[in-house]
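Subject: A structure for you to explore

Hi there,

Here is the structure I promised to pass on to you. Please open it beside this email and look up each residue as you read.

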Amino acid sequence: MMLQLYPIHEFRKSYRLTISHNKRLVARSSSTKVFIHDMNTFETMVELKFSHPAVIKFTKDDNYFLIKGTTGTIGVYSTKDYQLLKKLKTTKSMQQLETEFSLTKDHHTILDVVKINGNQQIVSINMINGKKKALTDFTFKDHAIKFNQLVTKAGVHFFTLDYYDVNTGFLENKLIKIKERNENYLIEIENNLNRFKWDAIVYNHDMDKYLLLCNDALLMIDSGFRYVIKQVDVSKLFSKEELDYLSYISLSENGDFIIVTYSNKVLILDFATLELIYEETFPYACFAEFCNKDKHIIIGTWEKGHLFKTNL
């Protein structure tokens, strides 16, 4: 089936958007507020004041709504009345960062990146009582950790470790896999013997393959990080001025499509073939994602928010 997009609604300034799992609400963020709209009428149901919101998410059961600001502070709201239940603030011992975070299947645990003694680590945070527990203990010099993706089917959270290897003298990437095991976590680090260095990475569970974005080249690689299966160079399709810089990358829920957001353009490619099937200019784009079982696509920019319906 050829993917088709149909515009449904255009919002005002929307850095990020998200749709509740029950498909009743769509939320969007501006510089000082988060707006929650009825999904059918787009009437504003709730306005939440929050300084510089960076990430917004509903929990899988839709009982909680989370806002993370650029200072790392996370606000936890009940979706019954949208009253603030908990504000998870940064501390001297655990400094929360302006980064993406993941949610576990128990609906009340956050997996996030914080600084502990100057080093970035992955921690679990109970959003109800605020308790934090470090899950990693990396000691690389000036390393960084970034959340990539939650693969719901496998119950695995993917993070990238970006570090300097003193033995090789190179900047290296490793993929961290955190698997949920009841109340515990199994942490695995993928060997990257061929030293793939990526700007973004996603995993297709059904195909058991990774897709890496490396300097505007999309590389499909095997699950063992051994060889390149397919490659397409995005910079040969568009000029640097047409793309500008990378903002966001994500996989459709069915795994058939990859959506790549540059600050000037949104691209959708067929995952299996890496064929470009959609491209559109969106000035100041910062976010684009499939949602609602791929029935919708949401695109956030510094100026507007866009909601599309798909034919999937």
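Below are some notes on what turned up in it.

First, some ground rules: this is a predicted model, in which local features need pLDDT of at least 70 and side-chain atom pairs count only at pLDDT 80 or more, while totals for chains, interfaces and linings use all residues. Residues are numbered from 1 along each chain as its sequence is written, and side-chain values use heavy atoms, leaving out hydrogens and water.

Let's begin with the aromatic rings. A search of the whole structure finds 16 aromatic pairs. Rings of Phe, Tyr and Trp (its six-membered ring) pair if their centres lie within 6.5 Å; planes under 30 degrees apart are called stacked, over 60 edge-to-face, and the rest tilted. Why is the pair of Tyr210 and Phe225 tilted? The planes of Tyr210 and Phe225 stand at 55°, with the ring centres 4.8 Å apart, so the pair counts as tilted. The pair links distant parts of the chain, 15 residues apart: Tyr210 sits in strand β20 (residues 209-214), and Phe225 in the loop between β21 (217-222) and β22 (228-233). Strands here (E, at least two residues) and helices (H or I, at least four) are DSSP runs, numbered from the N terminus.

Tyr210 is buried at 1% relative accessibility, and Phe225 is buried at 2%. Buried means under 20% relative accessible area, exposed over 50%, and partly exposed in between (1.4 Å probe, protein chains only).

Phe282 and Phe308 form an edge-to-face pair, because their planes are at 85°, with centres 6.3 Å apart. This pair also links distant parts of the chain, 26 residues apart: Phe282 lies in the loop between β26 and β27, and Phe308 in strand β29 (residues 305-310). Both Phe282 and Phe308 are buried. Ring pairs also join Phe158, Phe196, Trp198, Tyr203, Tyr210 and Phe225 into a cluster.

Most residues other than glycine have a negative phi. Tyr82, however, has a positive phi near 55°, and Tyr284 has a positive phi of about 60°. Tyr82 is in the loop between β8 (74-78) and β9 (84-88) and is buried at 12% relative accessibility. Tyr284 is in the loop between β26 (276-281) and β27 (285-291), and is partly exposed at 41%.

Which residues does Val46 touch? Not counting residues up to four places away in sequence, Val46 touches Val34, Phe35, Ile36 and Tyr82, where contact means heavy atoms within 4.5 Å. Val46 belongs to strand β5 (residues 44-49) and is buried, with a relative accessible area of 17%.

Gln120, in strand β13 (residues 119-126), is buried too, at 14%. A polar atom of the Gln120 side chain lies 2.8 Å from the backbone nitrogen of Ile145. Beyond its neighbours within four places in sequence, Gln120 is in contact with several residues, including Leu97, Phe138 and His143.

Lastly, look at Val166. Is Val166 buried or exposed? Val166 is exposed, with a relative accessible area of 65%, and lies in the loop between β16 (156-165) and β17 (170-181).

Happy exploring!

Conventions:
Polar contact = N/O pair within 3.5 Å; in protein donor to acceptor, adjacent residues only side chain to side chain.
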